[in-house]
Amino acid sequence: MLQFADFKKERIETAMVEHGLTALVASLPENIYYMSGYESIGHQILSRNLIFAVYGVDKNEVSLVIPTAEVPTALERFPNTDIHAFGEFFFTFPAGGIENIENIISRREQDSLRALVKTLHNMGIKRGRVGLDEGRLTPQLWRGLAEACPHLEFVHASNIFSQIRMIKHKHEIALLECSAEIAEQSLFAVLPEIKVGTTELEIGQRYMEEVVARGAIPYFNVVTIDERSAFSDTINTAQAVKDGSIIRFDFGCVYQGYSSDLARTAVVGSYEDKVFEYYQAILFGEEQAVKEIRPGIGADVIFRTAVNRTREAGIPHYNRHHCGHGIGLEIYDWPLLAPDVKIPLEAGMVLCVETPYYELGWGGIQVEDTVEVTRYGARYLSKSSRELIQLSI
């Protein structure tokens, strides 16, 4: 098994050869992190910020293009990395200065476009195809690059990065497993506290506290009660639990950069038979889809299995646009388990498989789990019970 750094390098270079690239430029935070290990707080909180990681296949190295304000941080973490700065920022230096920081700042460019052009030039990338991750790029910057580098052909590369990151190293899979387990443990720590009168907001807040206590970062939690449980990807409100309530949990966290995305459903006190019957149907559909996962089978086949088995198990009108997705540094990695996605599954993929059901005016139920695709089938990374959760009042 290759070490993680060598694994990433191999994935990157294989994709570059396949697409005929002389260089690959990352702009999305997750792609920059994958390529270089660099994290920028400014990039995370200010969506207009543009920073880049550039990989040149000939030089076999990554260069960073970052704001001047981030130079000390970058050098602290990556002292041997080629760094190009841009933009105005003022540091006061001690007597005698700090040579490496001052050298980089003294050569800074006015803006990110000029700094990226200079980086490509210094790396010897003057001709050929350059894959440009359009995730954070503005049309103006793309045009500026084309005008400044007329001998380079810039091509869209966000899908190339998705292809690169689609197969996970064992190190990544271990982090995804930890992320899933922290999310599950956090939810199940909160469940005993739920009583009649507890609100969606209160449940969500306690969940985030438990996530933090376990060393992860809260990412999202959708806690929906009764008719609101049919609202997909909504906000938590002051809606309160009552006897007979349905509670749909769609939740996750981030652990060392890697995401989790899970779902469970609970009922409170006495509840109608339809909840149990429909939940058994979606659970059967999810579990049958997971059983069919193996290398070589199409993502579309897993989708159809999930939908058809759910229909057969008790919801004949069941329908979905997708029944899962890859997960990694982003909550939605390739591939999507959807009717038009014929990508064959491969060992090393990590998938979230889900069969949610949303009926407006009644409620919603959901089960979602994370699995690793292995040579022999699927291995669950999520560990908690998938059965309908029954809470007493």
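This is a predicted model: local features need pLDDT of at least 70, side-chain atom pairs count only at pLDDT 80 or more; totals for chains, interfaces and linings use all residues.
Phe52, Val54 and Gly56 point one way from β2. Ala53 and Tyr55 point the other way. Residues of both sets are buried.

β2 has pairing partners in β1 and β3. Strand β1 (residues 21-26) pairs with β2 in the antiparallel sense, over 4 bridges. Here Ala26 stands opposite Ala53 of β2. The pairing of β2 with strand β3 (residues 61-67) is also antiparallel and spans 5 bridges. In that pairing, Tyr55 has Val62 of β3 as its bridge partner.

The largest nonpolar core holds 126 residues. Leu24, Met35, Leu120, Phe154, Ile247 and Phe249 touch the most other members. Leaving aside residues up to four places away in sequence, Leu120 touches Val25, Val54, Ile125, Leu145, Leu152 and Phe154. Val54 belongs to the set in β2 that points the same way as Phe52 and Gly56.

Leu120 also takes part in a helix contact. Helix α6 (residues 112-122) packs against helix α7 (residues 139-148) at an angle of about 40 degrees. Their axes lie 10 Å apart. The two helices are therefore oblique to each other. The crossing of α6 past α7 is right-handed. On the α6 side, the contact involves Ser112, Leu113, Leu116, Val117 and Leu120. These meet Leu141, Gly144, Leu145 and Ala148 in α7.

Key
Residues are numbered from 1 along each chain as its sequence is written. Side-chain values use heavy atoms; hydrogens and water are left out. A nonpolar core is a set of buried Ala, Val, Leu, Ile, Met, Phe, Trp, Tyr and Cys residues joined through side-chain atoms within 4.5 Å. Buried means under 20% relative accessible area, exposed over 50%, partly exposed in between (1.4 Å probe, protein chains only). Contact means heavy atoms within 4.5 Å. Two strands pair if DSSP finds at least two bridges between them. Axes are lines fitted to C-alpha atoms, for helices over the stretch in contact, and angles run from 0 to 180 degrees between N-to-C directions. Angles under 35 degrees count as roughly parallel, over 145 as roughly antiparallel, 65 to 115 as roughly perpendicular and the rest as oblique. A crossing is left-handed if the near helix is turned anticlockwise from the far one by less than a right angle, and right-handed if clockwise.
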